Amino acid sequence: MLSDIRINGSASEAVIDIEGVIGVPEQTQFLEPGGRVATYARFAEALVAAVQAPRVVVNIRSAGGDVNDALLIFDALQGLGAEVVTRCYGYVASAATVIAQAASPGCREISSNAFYLIHCSESAAEGNARSLAAAKELLD
């Protein structure tokens, strides 16, 4: 699935569509720049249109991806000062669920036909006992 972030705005409401892989998937990281990937950098560029709206609706359909990009998008949405509504459709999993948590209280919506997947953190580590213990602590 190709990924993209689109924003449609008006004076009272901005709508953000997040679809596909969050961050840069490993298989496309060396391709031409400007590919359709829902990265934080692309999100930040598009977010300018939503800054003035008092209400932001975020439609999410993604199997997840890079949690670092998801956390940056989460922080950006939380920092808007607007009411944030997150709407989950289809398959919403892993890092995409982190973005969904940026909703204002009572404004998190999930379609009755959505598949919402939260899993335990995963990582790979190597090094000495101290660095492996730190990796374990981070995962815990």
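**Why these labels? A predicted model, value by value**

User: Why is cysteine 120 called exposed?

Analyst: Its relative accessibility is 66%. Exposed means over 50%. The value 66% passes that cut-off, so cysteine 120 counts as exposed. The model is predicted, and this value is computed from it.

User: What makes cysteine 88 buried?

Analyst: Cysteine 88 has a relative accessibility of 1%. Buried means under 20%. The value 1% falls under that limit, so cysteine 88 counts as buried.

User: How many disulfides does the count come to?

Analyst: The count comes to 0 disulfides. A pair would need its cysteine sulfur atoms within 2.5 Å.

User: What is the overall layout, from the N terminus on?

Analyst: The protein chain has 4 helices and 6 strands. Their order is β-β-α-β-α-β-α-β-β-α. Of the 140 residues, 36% are buried. The chain exposes about 8,400 Å², and carbon and sulfur atoms supply 53% of that area. Among contacts with a separation of 6 or more, 66% join residues 24 or more positions apart.

User: Which residues have the most contacts inside the largest nonpolar core?

Analyst: They are Ile16, Ile18, Phe43, Val56, Val58, Leu77 and Ile99, in a core of 25 residues. Two or more residues come from each of β2 (13–19), α1 (40–47), β3 (55–62), α2 (67–78), β4 and α3 (95–100). Helix α2 gives the largest share, 5 residues.

User: What makes a set of residues a nonpolar core?

Analyst: The members must be buried, of a listed nonpolar type, and joined through side-chain atoms within 4.5 Å. In soluble globular proteins, nonpolar side chains tend to be buried together.

User: Which residues is isoleucine 99 in contact with, leaving aside its neighbours within four places in sequence?

Analyst: Isoleucine 99 touches Ile18, Ile22, Ile60, Ala70, Ile73, Leu77 and Thr86. Of these partners, Ile18 and Leu77 are also named among the core residues with the most contacts.

User: How many aromatic pairs does a search of the whole structure find?

Analyst: The search finds 1 aromatic pair. The rings belong to tyrosine 91 and phenylalanine 115, with centres 5.1 Å apart and planes at 10°.

User: Why is that pair called stacked?

Analyst: Two tests apply. Centres must lie within 6.5 Å, and planes must be under 30 degrees apart. The pair has 5.1 Å and 10°, so it is stacked. The partners are 24 residues apart: tyrosine 91 is in strand β4 (residues 83–93) and phenylalanine 115 in strand β6 (residues 115–117).

User: What makes arginine 87 and glutamate 109 a salt bridge?

Analyst: Their closest N and O atoms are 2.8 Å apart, and the cut-off is 4 Å. Arginine 87 lies in strand β4 and glutamate 109 in strand β5 (residues 108–110), so the pair ties together parts 22 residues apart in sequence. Arginine 87 is partly exposed at 24%. Glutamate 109 is partly exposed at 37%.

User: Why are aspartate 140 and lysine 136 both called exposed?

Analyst: Aspartate 140 has 67% relative accessibility, and lysine 136 has 51%. Exposed means over 50%, so both qualify. Their side chains meet in a salt bridge at 2.5 Å, N to O.

User: How many salt bridges does the structure hold, and which residues are linked in a network?

Analyst: The structure holds 5 salt bridges. Glu13, Arg55 and Glu83 are linked in a network.

Notes. Residues are numbered from 1 along each chain as its sequence is written. This is a predicted model: local features need pLDDT of at least 70, side-chain atom pairs count only at pLDDT 80 or more; totals for chains, interfaces and linings use all residues. Side-chain values use heavy atoms; hydrogens and water are left out. Rings of Phe, Tyr and Trp (its six-membered ring) pair if their centres lie within 6.5 Å; planes under 30 degrees apart count as stacked, over 60 as edge-to-face and the rest as tilted. Buried means under 20% relative accessible area, exposed over 50%, partly exposed in between (1.4 Å probe, protein chains only). Contact means heavy atoms within 4.5 Å. Accessible areas come from the Shrake-Rupley method with a 1.4 Å probe; for residues, only the protein chains shown count as cover.
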